Amino acid sequence: MTFHPDLDALFSRIYEQNDLDGLDRPLAVDPLRQPARGARPNSVAIGGGAFGDEGKGRIVDVLCSRFAAAGQTPILVYRWNGGANAGHTVVVGRQKIALHQLPSGALHPGAVGLLGKGMVIHPADLVAELESLRDHPPQIKIDEMAVLALDTHRAYEVALKTTEQGGQGATGRGISPAYADVLYRHAMRMRDLASEDWEVRLGHHYDLYAALLGGLDHELATVNVPALHRAPLPVGARAEFLARLAPYRAQLLPYIDAYGGDDALDVAAWWRGDAPVIFEGAQAVGLDSRFGVYPDITASDPTFGGITGSTEGIVLPHEIAVRAAVIKATYTSSVGTRRLPTMMEAGLAGRIRDDAHEYGATTRRPRDIAHIDLPCLRFFMRVGGASHLILTHLDIAYPELPIKVCTHYLDKQGRRVGYRPDQSYLDGVTPIYRELPSWAGSAVAGVKRLDGLPKAAMQYIAFLCGALAVQPLMVTTGAERDALITWF
């Protein structure tokens with residue numbers, strides 16, 4: 001797909017000349033089976049293309065089913081970033097299951113899930129998640145180099161929230177402090193939890209955080225911290241902290257993947273082969289610490305470049321056949337303290353929030369709703385490294401309301417300016433919109449073929465892909481698992 005910097009010309013070609021650049025029919029070549037030169041077949045990465053909560057888990061689940069239906073199993077589903085702050089919802093049978101640290105594809109019977117080095121893992125929450133899946137036990141491995149996110153980190157985040165403003169958008173899951181430990185060179189990893197002297201190592205860690213919280217006028221032992229499936233509890237004294245970790249350690253030991261071990265999952269060998277590999281990301285490029293709306297950012301690397309770090313250089317992004325960014329088709333959602341230039345008026349935002357169930361899977365926070373922002377999304381596609389686009393919620397549209405798309409910004413002097421990843425900068429810009437013809441969401445709901453889509457919906461997809469310079473891969477047309485159209 002060629003980038004069209006002249007959006008007026010793109011609009012004219014699509015809406016006046018009805019030239020859809022061939023996007024009204026399937027791709028001529030299956031990008032997974034016949035990828036670009038230098039890319040590995042049967043490899044796909046699914047990442048958030050905006051501000052998270054785009055529906056990535058469902059897409060990974062569908063891809064697992066597609067590979068399995070073709071007899072291509074086992075499938076490696078590799079989670080490369082984030083921790084218990086993620087929330088992916090999948091449907092197994094008739095049961096909706098919210099996953100946090102487990103890759104959503106790991107619930108597929110033909111898949112092996114790997115929690116990669118780039119993750120931060122909370123042992124108690126992971127055990128709770130596994131126990132909630134007794135009827136659907138996943139086959140998983142945990143990279144021994146994955147970082148531990150502990151109650152100490154959560155307590156430190158609580159203390160930070162009371163003393164400074166930068167952490168106000170945090171989920172309270174201790175994600176940033178756990179990643180910061182890596183840079184401070186005193187991270188605790190899964191291999192530390194698995195070691196014979198784990199109590200000594202984790203005891204030193206506890207003492208360090210007791211001192212850190214003491215400097216913020218907090219007593220570590222008494223700070224209440226959240227957990228999955230239970231009420232908040234105090235961290236407890238050193239001995240209590242270690243005693244509470246002991247049973248979780250015992251339950252996770254069989255899953256920890258030590259390099260060179262008898263039961264190791266060799267990612268390098270898998271990558272050299274031709275079995276399917278799905279890389280599953282958490283959060284989205286709009287939360288990246290370098291490219292998101294600073295300071296409301298996450299601590300991990302949600303771009304496709306994060307796969308390289310997590311796999312220790314085994315996989316480079318351009319070697320992945322499909323790098324698909326997932327965004328919501330007709331609007332953008334956001335959770336946190338960021339203020340997007342294209343925020344919707346309350347009435348329409350509330351309507352969309354209710355129709356699309358826009359509440360966080362992990363936190364249940366209501367999400368802010370904004371219009372599609374092309375300068376922002378173009379930036380995210382470029383820095384995130386996307387090759388393809390997946391659109392969700394195409395059925396969230398109202399025929400009486402045109403779809404407003406921001407084409408550019410003006411600064412306070414009236415000059416045309418682009419996107420910058422900084423809240424102070426974005427507070428000073430004014431979005432300029434183009435209104436595009438809409439369609440009835442009911443006419444899209446459940447459609448499974450391109451030729452079944454309303455003309456306005458197909459034109460909109462072509463306009464969006466042309467403006468963002470990416471190929472379409474999939475679009476969802478409803479909440480049902482099979483309400484989906486693919487271009488391959």
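These are my notebook entries on a predicted model of one chain.

**Ground rules.** I number residues from 1 along the chain as its sequence is written, and I leave hydrogens and water out of side-chain values. Because the model is predicted, local features need pLDDT of at least 70 and side-chain atom pairs count only at pLDDT 80 or more, while totals for chains, interfaces and linings use all residues.

**Overall fold.** I looked up the secondary structure and found 15 helices and 22 strands (DSSP runs, H or I of at least four residues for helices, E of at least two for strands). The radius of gyration is 23 Å, close to the 23 Å from the globule rule for 488 residues, so the chain is as compact as a globular protein of that length (the radius is taken over C-alpha atoms, and the rule is 2.2 Å times the number of residues to the power 0.38).

**Burial.** I noted that 57% of the 488 residues are buried (under 20% relative accessible area, with a 1.4 Å probe and protein chains only).

**Aromatic pairs.** I found 13 of them (rings of Phe, Tyr and Trp, the last by its six-membered ring, with centres within 6.5 Å; planes over 60 degrees apart count as edge-to-face, under 30 as stacked, the rest as tilted). Tryptophan 271 and phenylalanine 279 have ring centres 5.8 Å apart and planes at 65 degrees, so I list the pair as edge-to-face. Both residues are buried.

Phenylalanine 380 and tyrosine 419 are also edge-to-face, at 5.5 Å and 75 degrees. Phenylalanine 380 sits in helix 12 and tyrosine 419 in the loop between strand 19 and helix 13, 39 residues apart. I also traced a cluster of ring pairs through Phe51, Phe291, Phe379, Phe380 and Tyr419.

Note on methods. Buried means under 20% relative accessible area, exposed over 50%, partly exposed in between (1.4 Å probe, protein chains only).
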